[in-house]
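Hello,

Please find the structure below. My notes on it follow.

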Amino acid sequence: YIILACLAIAAFVCVVIAWFAILFTTRYPRGLFDFVVGVSRWSLRVAAYAFLLTTDRYPIFSLT
């Protein structure tokens, strides 16, 4: 949970940076997009394992 919390803070910072990038370039930077999507996917994996108990597979430690 500690790692996920740190990643969530980093993803929030990336979203703010991406907002400015979109504002000036009208494009979402691919690297920022991949990171934010990876954090979201990992967050869902952890929630499915820890809270929803829908899977017995431990979440992998990658953002892909």
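**What I found**

Of the 64 residues of the protein chain, 22% count as buried. Buried means under 20% relative accessible area, exposed means over 50%, and partly exposed lies in between (1.4 Å probe, protein chains only).

Some ground rules. This is a predicted model, where local features need pLDDT of at least 70 and side-chain atom pairs count only at pLDDT 80 or more, while totals for chains, interfaces and linings use all residues. Residues are numbered from 1 along each chain as its sequence is written, and side-chain values use heavy atoms, with hydrogens and water left out.

**Overall shape**

The protein chain has 2 helices and 0 strands. Both kinds of element are DSSP runs numbered from the N terminus: helices are H or I with at least four residues, strands E with at least two. The C-alpha atoms fill a box of roughly 45 × 20 × 15 Å along the principal axes. The radius of gyration is 14 Å, whereas a compact globule of 64 residues would have one near 11 Å. That radius is taken over C-alpha atoms, and the globule rule is 2.2 Å times the number of residues to the power 0.38.

The protein chain exposes about 5,000 Å², with carbon and sulfur atoms supplying 73% of it. Areas come from the Shrake-Rupley method with a 1.4 Å probe; for residues, only the protein chains shown count as cover.

**The core**

The largest nonpolar core has 10 residues: Leu4, Leu7, Ala11, Cys14, Ala18, Leu32, Val36, Val39, Trp42 and Val46. Helices α1 (2–25) and α2 (30–50) each supply at least two residues of this core. A nonpolar core here is a set of buried Ala, Val, Leu, Ile, Met, Phe, Trp, Tyr and Cys residues joined through side-chain atoms within 4.5 Å. In soluble globular proteins, nonpolar side chains tend to be buried together.

Which residues does Leu7 touch, leaving aside its neighbours within four places in sequence? They are Phe35, Val39, Trp42 and Leu63. Contact means heavy atoms within 4.5 Å.

**Helix α2**

The 21 residues of α2 should span 30 Å at 1.5 Å a residue, and the end C-alpha atoms are 30 Å apart, which agrees. The expected span is 1.5 Å times one less than the number of residues. Buried in α2 are Leu32, Val36, Gly38, Val39, Trp42, Val46 and Ala48. Their cover includes α1.

Phe33 also lies in α2. Phe33 is partly exposed at 33% relative accessibility. Its C-alpha is 8.3 Å from that of Val15, 18 residues away in sequence. Ala50 and Phe20 are 30 residues apart in sequence and 35 Å apart in space, C-alpha to C-alpha.

**One salt bridge**

The whole structure holds 1 salt bridge. The term means a side-chain nitrogen of Lys or Arg within 4 Å of a carboxyl oxygen of Asp or Glu. Asp34 pairs with Arg30 in a salt bridge, their closest N and O atoms being 3.6 Å apart. The two are 4 residues apart in α2, so about one helical turn separates them. Asp34 is partly exposed at 39%; Arg30 is exposed at 58%.

**The loop**

Thr26 sits in the loop between α1 and α2. Its phi is near 60 degrees, a positive value in a residue other than glycine. Most residues other than glycine have a negative phi. Thr26 is exposed, at 67% relative accessibility.

Best wishes
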